[in-house]
Amino acid sequence: MIDLSGRVVLVTGAGGTIGAGIAARFEAAGALVVRHRGLADGDLRTSADRVVSNAFGVHGRLDAVVNNAGVQPVEPLPDMTTGQWQSVVDTNLTAPFAVTQAAARHQVSSITHIASIEGTHPAVGHAHYSASKAALIMHARAAALEYGPRGIRVNTVSPGLIARPGISEQWPEGVARWEAAAPLGRLGTPEDIGNACVFLASELASWITGHDLVVDGGVTSRPTW
Ligand SMILES: NC(=O)c1ccc[n+]([C@@H]2O[C@H](COP(=O)([O-])OP(=O)(O)OC[C@H]3O[C@@H](n4cnc5c(N)ncnc54)[C@H](OP(=O)(O)O)[C@@H]3O)[C@@H](O)[C@H]2O)c1
């Protein structure tokens, strides 16, 4: 078991499905977790600096950040407005950029963005989302270059489809397709993503930076032709 006792970790969007699982796994590893729960705790499009400073202030230190907060609206590309595009990019890409800058000023040692397999495998209705996640993966690689000499590692975790309460009832055909496509035969859990984040924030990953860790039950390994 990885031991992160005494480490302080900020998880953004910890009020959501995956963020709650990430926070739980860090706590299981002994970390002190500062939960940014969502919009009520600060809109990261406009308050990244304040959110990170507040998190630092809770325990007087900050060791790691997980940029998990994000939005996933569906909009066919022919009808998509510039405002809809911009809103997704602001939340999923520009906010993690700003959180990363602020966290680096507090000399964290690890920053992990939650990207998506859609950053490499686009989905219909998600042109803005897929582009934001592709750019987020590239942001982490660029940040790894510039922050590495300061001892700050920056990586991404790219989840596949993650289970949430009611998903089987709301989207039965999607769940069935996923289960058939996944070599491991199931949807992911928020804790699967949390485990990857804990690993990347730990000493076990001390020589890993600029990496995109795909956590998808093997779906993107399957040939589609
Ligand atoms: N679910 C999946 O299958 C899946 C797959 C791949 C990647 N992901 C990624 O995983 C991350 C979490 O997804 P999820 O499914 O757990 O979503 P979720 O349940 O909707 O949670 C998203 C969280 O982000 C917060 N948030 C959104 N916009 C924000 C903003 N402008 N400022 C501050 N907080 C904001 C939300 O706060 P409010 O509740 O206040 O809005 C919420 O706490 C996202 O980055 C998503 O793209 C999800």
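Reader: At what angle do the axes of helix 3 (residues 82-105) and helix 4 (residues 127-147) cross?

Author: This is a predicted model, where local features need pLDDT of at least 70, side-chain atom pairs count only at pLDDT 80 or more, and totals for chains, interfaces and linings use all residues. Residues are numbered from 1 along each chain as its sequence is written, and side-chain values use heavy atoms, without hydrogens and water. The helices are DSSP runs (H or I, at least four residues) numbered from the N terminus, and their axes are lines fitted to C-alpha atoms over the stretch in contact, with angles from 0 to 180 degrees between N-to-C directions. The axes of helix 3 and helix 4 come within 9 Å and cross at roughly 20°.

Reader: How are helix 3 and helix 4 oriented to each other, parallel or antiparallel?

Author: Angles under 35 degrees count as roughly parallel. The axes cross at roughly 20°, and helix 3 and helix 4 are therefore roughly parallel.

Reader: How many nonpolar residues does the contact of helix 3 with helix 4 have?

Author: Contact means heavy atoms within 4.5 Å, and residues including Trp85, Leu93 and Phe97 in helix 3 meet residues including Tyr129, Leu136 and Tyr147 in helix 4. Ala, Val, Leu, Ile, Met, Phe, Trp, Tyr, Cys and Pro count as nonpolar, Asp, Glu, Lys and Arg as charged, and the others, Gly among them, as polar. Of the residues in this contact, one is charged and seven are polar, while the nonpolar ones number 13.

Reader: Which residues line the largest cavity?

Author: The lining has five nonpolar, no polar and two charged residues. A cavity is a set of points on a 1 Å grid where a 1.4 Å probe fits but cannot get out, and lining residues have an atom within 4 Å of a point. The residues lining the largest cavity are Leu4, Arg7, Val9, Phe26, Asp63, Ala64 and Ala201.

Conventions
Helix = DSSP H or I, 4+ residues; strand = E, 2+ residues; numbered from the N terminus. Parallel < 35°, antiparallel > 145°, perpendicular 65-115°, else oblique. 1 Å grid on protein atoms, 1.4 Å probe; cavity = no way out; pocket = protein on both sides within 12 Å on 5 of 7 lines; lining within 4 Å.
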